[in-house]
Amino acid sequence: MFSAADYAFMSHALRLAERGLYSTTPNPRVGCVVVRDGRIAGSGWHEKAGQPHAEINALTAAGAAARGATAYVTLEPCSHHGRTAPCADALIAAGIARVVMAMEDPNPLVSGRGQALLQQAGVIVQMGLLQAEAHALNAGFVSRMTQKKPWVRLKTAASLDGKTALNNGVSQWITGEAARRDGHRWRARSCAIMTGIGTVKSDDPQLSVRHIKTDRQPRKVVVDSHLVIPLEARLLQDREETFIFTAHAENLEKKAVLSHMNARVIVLPDAKGAVDLLQMMTVLAESGINEVLVEAGSGLNGALVEAGLVDELIIYFAPHLIGDDAQGMIALPELTNLEQKRKLKIQDVRMIGQDIRIIAGFQ
């Protein structure tokens with residue numbers, strides 16, 4: 001169905017889409033290549049929300065050479081008016097003869113409609129080339145559109161015996177500089193970084209991207225059931241937007257002060273008096289957040305896993321042993337038999353400096 005040239009051009013479109021890895025939120029990452037007579041006539045990618053989509057950039061670069069050409073695009077062209085005009089209409093107007101798409105757009109405003117518009121105009125449409133790669137690039141956008149929740153990655157750094165900090169809370173630094181820099185790449189691609197109030201009190205994190213260049217800082221999310229976050233916490237000082245989810249918000253004066261610090265206090269109690277984590281994810285999705293990176297202690301980590309809200313684990317193992325009394329990665333209830341174990345699928349294992357990074361997804 002697809003030729004070797006088709007694979008090569010779609011691979012190029014995917015590499016272009018990756019250039020928007022840190023910048024397109026809440027939109028998907030999309031790349032497009034326009035090919036005429038076996039050569040690339042124009043290419044482009046979606047750079048930032050509100051700016052032209054990948055197809056428009058590629059068509060602009062191709063100019064008159066787009067007529068009769070093939071467009072390779074990593075996501076179904078949009079068919080509705082949002083901040084920009086429909087890309088399907090632009091492809092038709094440019095005279096594109098064939099469109100090869102990696103995957104259908106999961107957005108219900110678009111899904112299938114872009115393909116239908118093109119076919120009705122006589123454009124040859126083919127779907128599914130390198131679909132898995134395109135899906136992985138936009139796992140968060142797909143999750144938000146289809147599951148009404150962000151794609152959640154839980155990142156932690158541990159010793160080889162699975163410990164994240166000493167019993168007294170000291171954790172800096174278990175892993176090396178290369179692993180920490182790699183962790184900031186995951187921060188940069190995320191729409192939000194989440195932590196718990198315990199980590200805020202013990203580590204006073206900034207939850208910002210510092211070790212790599214990015215023009216956009218992720219939003220910050222703190223799970224703080226009793227709204228005890230210190231007003232002098234470093235993550236509040238830069239006035240970047242922060243979500244604070246709590247179950248108790250009787251302190252109206254503190255809520256007002258936090259609001260002036262660009263923090264949104266959202267009260268979502270569950271039946272046990274803690275934060276309703278499922279509803280929290282719904283609120284984040286409704287706020288346009290595609291990907292969440294969790295950097296928290298074992299308590300919040302365990303609660304999120306137990307609630308079935310974690311999609312991927314990113315674990316950095318350092319070549320150290322810390323001992324049984326140190327703090328663990330994920331606090332989960334004791335199992336009574338091995339059939340209760342939570343199964344994972346290893347997706348990637350590699351050395352990052354002197355540390356080992358494992359990426360695993362829940363089955």
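Predicted model: local features only at pLDDT ≥ 70, side-chain atom pairs only at ≥ 80, totals over all residues.

Me: Is glutamate 55 buried or exposed?
Reply: Leaving aside its neighbours within four places in sequence, glutamate 55 is in contact with several residues, among them Cys32, Val73, Pro77 and Leu91. Its relative accessible area is 3%, and because the limit for a buried residue is under 20%, glutamate 55 counts as buried.

Me: Which strand gives the most to the nonpolar patch?
Reply: The nonpolar surface patch, of about 360 Å², is made by Ile346, Val349, Met351 and Ile356. Isoleucine 346 has its place in strand β15, and with a relative accessibility of 52% this isoleucine 346 counts as exposed, because the cut-off for exposed is over 50%. The strand that gives the most to the patch, with 3 residues, spans residues 344–352 and is β15.

Me: How far apart do the C-alpha centres of domain 1 and domain 2 lie?
Reply: The domain assignment of the chain gives domain 1 as 4–138 and domain 2 as 148–362. The contact between them takes 9 residues from domain 1 and 11 residues from domain 2. Taken between the C-alpha centres of domain 1 and domain 2, the distance is 34 Å.

Methods: Residues numbered from 1 in each chain as written. Heavy atoms only, no water. Buried < 20%, exposed > 50% of the residue type's maximum accessible area, 1.4 Å probe, protein only. Contact = heavy atoms within 4.5 Å. Patch = residues over 30% accessible without salt bridge, like charges linked within 9 Å, V, L, I, M, F, W, Y side chains within 5 Å. Areas by Shrake-Rupley, 256 points an atom, 1.4 Å probe, with all protein chains shown as cover. Salt bridge = Lys/Arg side-chain N within 4 Å of Asp/Glu carboxyl O. Helix = DSSP H or I, 4+ residues; strand = E, 2+ residues; numbered from the N terminus. Domains from an automatic or database assignment.
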